[in-house]
Amino acid sequence: MKILIKIVILLAYVLLLSCGVEEMKFEKSKWNKSFDGFYEFRENMVQDVMKNHLKEGMELKKVIELLGEPRNYQNENNFEIIYEITVNYGWDIDPIEVKELYIDFDKDSMITNFSLKHWKR
């Protein structure tokens with residue numbers, strides 16, 4: 001009986017570990033690939049982008065060459081760009097969950113900070 005309990009606990013642990021997002025290395029073609037307005041691979045790649053590709057002091061021009069054009073042209077902050085990572089609408093017309101990559105720049109267009117912001121309604 002103790003062995004059966006250990007096996008069940010081990011299986012539950014393995015299942016919980018396998019439920020996360022499968023990370024993958026950044027590939028520009030996949031980063032910009034979208035289907036019906038949704039980016040298929042960004043959530044899988046964003047950690048690699050933040051760890052291995054974005055650096056403080058990097059020029060805005062280099063960021064756009066790497067990641068493509070941002071979609072936040074209506075943003076009032078001229079020193080910030082935003083890349084949509086995921087948007088979940090559920091069954092609603094308005095988003096119920098959003099993840100975005102925020103990249104901040106100084107007046108010389110050099111990265112000062114970047115972060116992943118996630119909210120749920």
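**Exercise 1. Find how many aromatic pairs this predicted model contains, and describe the geometry of the pair formed by Phe38 and Tyr89.**

Solution. A search of the whole structure, which is a predicted model, returns 3 aromatic pairs. In the pair of Phe38 and Tyr89, the ring centres are 6.1 Å apart and the planes stand at 80° to each other; since planes over 60 degrees apart count as edge-to-face, the pair of Phe38 and Tyr89 is edge-to-face. An aromatic cluster is made up of Phe26, Trp31 and Tyr83.

**Exercise 2. Identify the rings over which Lys30 and Lys117 lie.**

Solution. For Lys30, the charged end sits over the ring of Phe41, at 5.2 Å from the ring centre.

**Exercise 3. Determine which residues of α4 are buried, on how many sides of the helix they lie, and what covers them.**

Solution. The buried residues of α4 are Val63, Leu66 and Leu67. Because these residues cover an arc of only 75° around the axis, they lie on the same side of α4. Taking Val63 by itself, and leaving aside residues up to four places away in sequence, its contacts are Leu54, Met58, Gly68, Ile81, Tyr83, Ile103, Phe105 and Ile111. Gly68, which follows α4, has a positive phi near 90°.

**Exercise 4. Describe the largest nonpolar core through its members and the elements that supply them.**

Solution. The core holds 20 residues, and those that touch the most other members are Trp31, Leu54, Val63, Leu67, Leu101 and Ile103. Two or more residues come from each of α3 (42-53), α4 (60-67), β3 (80-88), β4 (97-105) and β5 (111-120), and α3 makes the greatest contribution, with 4 residues.

**Exercise 5. Work out how β4 is paired with β3 and with β5, and how far β4 is buried.**

Solution. On one pairing, β3 and β4 run antiparallel and are joined by 8 bridges; within it, Glu80 has Asp104 of β4 as its bridge partner. On the other pairing, β4 and β5 are also antiparallel, with 9 bridges between them, and Glu97 stands opposite Lys120 of β5. The strand β4 is mostly covered, given that 8 of its 9 residues are buried. Finally, β4 and β5 form a hairpin with 5 residues between them.

**Exercise 6. Locate Asp36 and Ser109, and state their phi values and accessibility.**

Solution. Asp36 lies in the loop between β1 (34-35) and β2, and although Asp36 is not a glycine, its phi is positive, at about 55°. With a relative accessibility of 66%, Asp36 counts as exposed. Ser109, in the loop between β4 and β5, is likewise not a glycine and has a positive phi of about 65°; its relative accessible area is 30%, so Ser109 is partly exposed.

How values were computed:
Residues numbered from 1 in each chain as written. Predicted model: local features only at pLDDT ≥ 70, side-chain atom pairs only at ≥ 80, totals over all residues. Heavy atoms only, no water. Core = buried A, V, L, I, M, F, W, Y, C linked by side-chain atoms within 4.5 Å. Buried < 20%, exposed > 50% of the residue type's maximum accessible area, 1.4 Å probe, protein only. Contact = heavy atoms within 4.5 Å. Phe/Tyr/Trp six-rings, centres within 6.5 Å; stacked < 30°, edge-to-face > 60°. Lys NZ or Arg CZ within 6 Å of the ring centre and 35° of its normal. Arc of directions from axis to C-beta. Pairing = 2+ DSSP bridges.
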